[in-house]
Amino acid sequence: MDKKLLLPIFLLFAFVTKAQQKVVQLYNGAAPGSESWTWNQSESADNVYHSNVVYNVSHPTLTVYLPDSTVANTGTAVIICPGGGLQTLSINHEGYDVGKWLQKHGITAFLLEYRLMHTLGPDPYKEMLAKMKANTVLQEQAPVAPLAVADGRAAIAYVRSHTAEYGISPDRIGIIGFSAGGTIAASTAYGYTPQNRPDFVAPIYAYFPPEMQVNVPADAPPMFLAAASDDGSSVYSAQLYNTWITAKHTAELHIFLNGGHGFGMKKQNLASDSWPGLFETWLKLSGF
């Protein structure tokens, strides 16, 4: 087959697969705090990295992945937050692939497409690289980050209010996030209400520095953390693990020999490839 046809076929397959899932609008009407956002969400691999990403999310959604019919429903739900620096969503190996993996293990998955920075042109990666070069990333992320975290909290609340519909136990609702999505996941472990409290949290190579790790709740949820030692963000995972253990909460940490940043569900024949199996074991031993 002509290699030039492979990418369009792959994207078409991804679109058809997503179209088969139920997609829920997270808010009725405009999302609170971004009512003036009018740009349209896009998904494309036509960028400097030729990597399929979602960008310009202004109306957050949850895509539902029901447990595979060939396995027993565990009654557990996991909300998935892909990474992408709040500029994009790395939708394949940190989104779709995670949802499918959870399906196969009897877990109901909810893929969250949360609000992102506005991409002005057709290449969000190019714009992100320009912001990094100009050292303006944190400044431009600052007003969007609270909105993305609010979407994470709203996603948990949605799932908890629809447990009967999906066959989910109200005390078995967790959240997993990668990179910037891990920031969202970790943030939901703080300042929650009974409706949006996660029952477990899994920040994977998350950006979550010490200044964000203060005021740990007395009833904080158990936490699973994973990162690779050849990724600078691994230090945040180690610090967050120590914060949780010092506060006498349950946590498990895996720092792999290698894998880099953004390994997600990729098969790289590196140490980080083993994290899904370790996460599965942790879920079982934790009663989820």
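Strands here are DSSP runs of E at least two residues long, helices are runs of H or I at least four residues long, and both are numbered from the N terminus. This is a predicted model, so to speak of a local feature takes pLDDT of at least 70 and a side-chain atom pair takes pLDDT 80 or more, while totals for chains, interfaces and linings use all residues. Residues count from 1 along each chain as its sequence is written, and side-chain values rest on heavy atoms, with hydrogens and water left out.

**View 1**
K22 sits in strand β1, which covers residues 22-25. With a relative accessible area of 39%, K22 is partly exposed (buried is under 20%, exposed is over 50% and partly exposed is in between, using a 1.4 Å probe and protein chains only). Its side chain makes a polar contact with the side chain of E165, at 2.6 Å. For a polar contact, look for a pair of N or O atoms within 3.5 Å; within protein, one must be able to donate a hydrogen and the other to accept it, and residues adjacent in sequence count only if both atoms are side-chain atoms. Skipping neighbours within four places in sequence, K22 is in contact (heavy atoms within 4.5 Å) with L62, T63, V64, Y158, E165 and Y166.

**View 2**
Strand β4 spans residues 61-65, and five of its five residues are buried. T61, T63 and Y65 point one way, while L62 and V64 point the other. Strands count as paired if DSSP finds at least two bridges between them. β1 and β4 run antiparallel and are joined by four bridges, with V23 partnered by T63. On to β7 (residues 108-113): five bridges join this strand to β4, again antiparallel, and here T63 has L111 as its bridge partner.

**View 1. The open sheet β2-β3-β6.**
Three strands make up this open sheet, in the order β2-β3-β6 and with antiparallel pairing. β2 (42-44) and β6 (88-89) stand at the edges with a single partner strand each, so one side of each has no neighbour in the sheet. Three bridges join β2 to β3 (residues 53-55); in one of them, S44 is partnered by V53.

Rings of Phe, Tyr and Trp (its six-membered ring) pair if their centres lie within 6.5 Å; planes under 30 degrees apart are stacked, over 60 edge-to-face and the rest tilted. The count by this rule is 19 aromatic pairs. What sort of pair do the rings of Y205 and F263 make? Their centres are 4.7 Å apart and their planes are at 70 degrees, so the pair is edge-to-face. Y205 lies in the loop between β9 (200-204) and β10 (223-228), and F263 in the loop between β11 (251-256) and α9 (275-285), so the pair ties together parts 58 residues apart in sequence. Both Y205 and F263 are buried. F224 and W282 have ring centres 5.7 Å apart and planes at 50 degrees, so this pair is tilted. F224 belongs to strand β10 and W282 to helix α9, 58 residues apart. F224 is buried at 0% relative accessibility, and W282 is buried too, at 4%. Ring pairs also build a cluster whose members include W101, F178, F200, F256 and F288.

**View 2. The nonpolar core around F279.**
A nonpolar core is a set of buried Ala, Val, Leu, Ile, Met, Phe, Trp, Tyr and Cys residues joined through side-chain atoms within 4.5 Å. The largest one has 78 residues, and those with the most contacts inside it are I79, F110, Y114, I176, I204, W275 and F279. Helix α5 (residues 145-161) gives the most to this core, with seven residues. Setting aside residues up to four places away in sequence, F279 touches W101, I176, F200, A202 and F224.

**View 3. S234 in helix α8.**
Helix α8 covers residues 234-246 and includes S234. S234 is buried, with a relative accessible area of 12%. A polar atom of its side chain lies 2.9 Å from the backbone oxygen of D231. Not counting residues up to four places away in sequence, S234 touches A227, A228, S229 and I255.
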